[in-house]
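Please read the following report alongside the sequence and the model, taking one region at a time.

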Amino acid sequence: MGSMRCGSFLALLTLAGASNISCLDSFHSVTPLSIQDKLCLLPQLDALVDSPQRFYFEKIGVVVGYEILSKLGEIEFTFAVPSTGWFGFGISEVGSMIGADMVILEDGPNGFEVTDSYSHGFERPVADKLQNWQAQSITHLSLGETCLGRTVVTKAVLRRMMKTCDAEDEDLGPQWIKNYFVAAYGDGRMSYHGQVRETTSHYMYLPEPILHEEALEAVEVDILGPSILVPQGQTNFCYIKVVIPCDIKVHAWAVLNTRNLHHMHLGPLEPELDFPEQYQCSSYSPGQVSLSWGLGDAKAVLPNSLFIEMKAGTYVLEAHFENAGKDAFDIQTGFRLWAASSDVSADKAVGITSIKGVWTDVLPANHIVQKSFVLTQACTDTLPAHGVTVIGALAHMHYAGKSLKAYRTRRGRTEMLFEQRGFDFNRQAVIYKSFKLMPGDVISWTCTWDLRNLGDKVYGLSSEDEMCQIFLAANPPLPFARATLGIPSQGDEYGVCGTRACFDLEECSALAPHSNEFHKIELQPLTAEEGPQRELCELLVEAEATPPVNNWIFPQSMIVHLGIISVTYKLVTLLYSRRLEGRVIVLKRSLNCMFSLLGILVGTLIACHPEWFLSEAEKVYSVDEAIGSSFWSLSACADWVGIAYIFELIVRGSNECLRWDLAVHHSATIAIIGMLRNAFAYEYAPQFYASIAACLLLHVVTDVPVLFIFALRGVSDKTCFKRSLFAAAWIKLAMHTAINICSFLLFVSGANNFRLATVSFASWLKTGYNKDRPLATDAMRRFDWAAVLHVGLPVLLSILFLTQLWTTWVLLRMSRRAVAESAVNRAGEDL
């Protein structure tokens, strides 16, 4: 059949003067589309879901209903799952487990657990730093006797913000024309899903069908390759020549035979990359992609009657096969295209443009490596005045590819246009996120490669080499079919936008300085979002990374704390004035008593909150409340201690009984509290700073025995003071030493101390927006509190430790003197 079809294609090529209609009429569909397996339970599960919109994982029998709650900025999902164990649902960038935003539902011993997770690879997803999924209801339902026997299923209703502003979440806003989803389930607690998993795609914000083929009088066109032999092995890439005999305008496409097929691309054959055989299964890589299909995709339909024009000629099918059996097998596959047989307005055309960066140096092994490139105004100045709309983009790297980000700079504002955080070489699919390009825009992009378990890599077309490339599908088509940037020549970098492929990099490097086609790249890539506008996330999700309640707002007001400390001190002085004589003695004992009570209170709160000592890397946060609110009691402890020390300095200073060591110690402590308070609010690593703060607050608890001994001095038998002060002083010194060491080690260790800043919009808050008229809060946010702590905290801890050594020595002298006085008194009594 393959040879017959090739013959018919060659015959059709003689119809050069014929119209598209006659050419399309000569096509006929001969191959049935593969039918997805449907679980017999699917209709009954479908009846459990009352959401207005839905889609299906047909192979594993899961129904997903959803409702967009626009006023709340949320989406409510309803899941009907043929299992009572665990269930995982993911919003995926391209339908891969790599980079999938997952919610895991497990029925545990303490009831249902819902965990917002992120999948970094083909492994168990890890819990997100910020937990954004909220359970509305989760139940097990009995369906009675079904096609599977007596059946119990799970129905879960969960909600999530459409845009969470969380770097570990996928957005679900209308700028995505189509989204990819993954699902899996199993028995008991979460474990490897095996084959009970599936990928699908769905248009969430566009009605289906978007395109009525009948209304366009569409013709089904089969682009079918010959029967090929896929060799042994689990993974094979095969490249198959096919011929399109006339110009066609494609509105939709699907794959004819998906057996063992992981993904398939269709692109024009580059003359420089031609091969003599009808097909080959090797490392050949086509230069352009016109159509793409990936595992989980059904029929791809361009919205609003858009079309991709494919010129007559020879094309290449790139077929990636994943064969678990690893035995050789025969297959005949290709694309079914829906092409309009009537004239379609030219303004509906979509063009595919390849933009790639090149280099000549080596990407070093055992490192995570990045390279950035810039598509300058010399290219985008050729865009039409009204600009173009990109409806989808595809990232292309090879086996070491980790992620790709693209940015647009326009009128002083740089924002991210496209991101694939989890690149999967085995799953390269279009991300259907639309954005606008205008004349004068500067496009920058960064590729990241993970070479920690690989050797050195160089730029090249082979899959064993590396690339950094983006394919853009734009309407109207971009005025250039391809762009190559980063061409090194004579110490400069050049770019070319047009039809030149630059397969031979040395040839392009030699030609670049002498050809008008090439332009010198003067700009540096801009790969960080910044500009005059604030990120909308700050308004939408204030609870995500809100700092602790302002110190001047009730109930966490410094004025309130100062009032509490003052009243407590006054009450204690009234008690002491009845037992002791002398204003200074009453003052000292009252302060001793007040601080011992404060230490007991702080120690009790710390004992009740062991979670304060968790690692920042292990801590996750719920957005049900502001993050700062969960640390209210810790912040209150720090504020009480700081205010109490300020109060003591004022009282002792005004009564001329302030010792130098006390002044230095309290001043250092107040400085640490102030720096930690601001770092806690503006550096967005609250659990990390909570651990340091709780550790340092133990100093106050450590002082309680000594303070309590002094508080009893003069109102109780002096024997207690004499016998216990010596031991308490040594215990105090040992604990202070241990706490200082732990605080220092905690601060200087751990690469994930500031992980929250990488998964939230906190980086936006650190950027100056009101550069001309900055607010005080902007200055506080931009200030590098972490750097100040790195310098100041070790110094202040050293000062604390030295003053603690001094006070311990003073205490030991006092205890020895008291013991000596006691011995003299006993000797006098004996006489």
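Which residue in E22 does Ile240 stand opposite? Ile240 stands opposite Leu317 in E22.

## Basis of the report

This is a predicted model, in which local features need pLDDT of at least 70 and side-chain atom pairs count only at pLDDT 80 or more, while totals for chains, interfaces and linings use all residues. Residues are numbered from 1 along each chain as its sequence is written, and side-chain values use heavy atoms, with hydrogens and water left out.

Helices (H or I, at least four residues) and strands (E, at least two) are DSSP runs, numbered from the N terminus. Strand E15 covers residues 235-244 and is mostly covered, since nine of its 10 residues are buried; here buried means under 20% relative accessible area, exposed means over 50%, and partly exposed lies in between, with a 1.4 Å probe and protein chains only.

Two strands count as paired if DSSP finds at least two bridges between them. E15 is joined to strand E22 (residues 313-322) by 10 bridges, and the two run antiparallel. E15 is also joined, by two bridges and again antiparallel, to strand E18 (residues 279-280), where Ile240 stands opposite Tyr279.

## Disulfides

A disulfide is taken as a pair of cysteine sulfur atoms within 2.5 Å, and a search of the whole structure finds five of them. One of these joins Cys238 to Cys281, with an S to S distance of 2.0 Å. Cys238 lies in strand E15, whereas Cys281 lies in the loop between E18 and strand E19 (291-294), so the pair ties together parts that are 43 residues apart in sequence. The torsion about their S-S bond is about 100 degrees, so this disulfide is right-handed. With a relative accessibility of 0%, Cys238 counts as buried, whereas Cys281, at 26%, counts as partly exposed.

A disulfide is also formed by Cys379 and Cys497, whose sulfur atoms are 1.6 Å apart. Cys379 belongs to helix H4 (residues 377-380) and Cys497 to strand E35 (residues 492-498), so the pair ties together parts that are 118 residues apart in sequence. This link is right-handed, with 40 degrees about the S-S bond. Cys379 is buried, at a relative accessible area of 1%, and Cys497 is partly exposed, at 23%. In the disulfide of Cys502 and Cys508 the sulfur atoms are 2.3 Å apart, and the torsion about the S-S bond is about -105 degrees, so that disulfide is left-handed. Both Cys502 and Cys508 are buried.

## The surroundings of Arg482

Arg482 lies in strand E34 (residues 482-489) and counts as buried, with a relative accessibility of 8%. Arg482 and Ser354 are 128 residues apart in sequence, yet their C-alpha atoms are 4.4 Å apart in space.

With neighbours within four places in sequence left aside, the residues in contact with Arg482 include Glu270, Gln288, Thr353 and Ser354, as well as Val496, Cys497 and Phe503, where contact means heavy atoms within 4.5 Å. Cys497, one of these contacts, is also bonded to Cys379 in the disulfide described above.

## Helix H7 and its two sides

Helix H7 (residues 558-577) has 20 residues and reaches 28 Å from its first C-alpha to its last, close to the 28 Å expected at 1.5 Å a residue; the expected span is 1.5 Å times one less than the number of residues. In H7 the buried residues are His561, Ile565, Tyr569, Val572, Thr573 and Tyr576. They cover an arc of only 105 degrees around the axis, which puts them on the same side of H7, the arc being that of the directions from the helix axis to the C-beta atoms. An α-helix has 3.6 residues a turn, so residues three or four places apart point the same way.

On the other side of H7, Ile559, Val567, Lys570, Leu571 and Leu575 are exposed. The cover over the buried residues of H7 includes helix H8 (583-608), helix H9 (632-654) and helix H12 (704-712).

## Helix H10 and the annotated spans

The 23 residues of helix H10 (residues 660-682) should span 33 Å at 1.5 Å a residue, which agrees with the 33 Å between its end C-alpha atoms. H10 is followed by Tyr684, whose phi is positive, near 60 degrees.

An unreviewed UniProt entry places the feature "transmembrane region" at several spans, among them residues 552-572, 663-682 and 688-712; such annotations may be inferred rather than shown by experiment. Over residues 663-682 the chain is 100% helix and 0% strand, with end C-alpha atoms 29 Å apart, and residues 688-712 are 96% helix and 0% strand, with end C-alpha atoms 38 Å apart.
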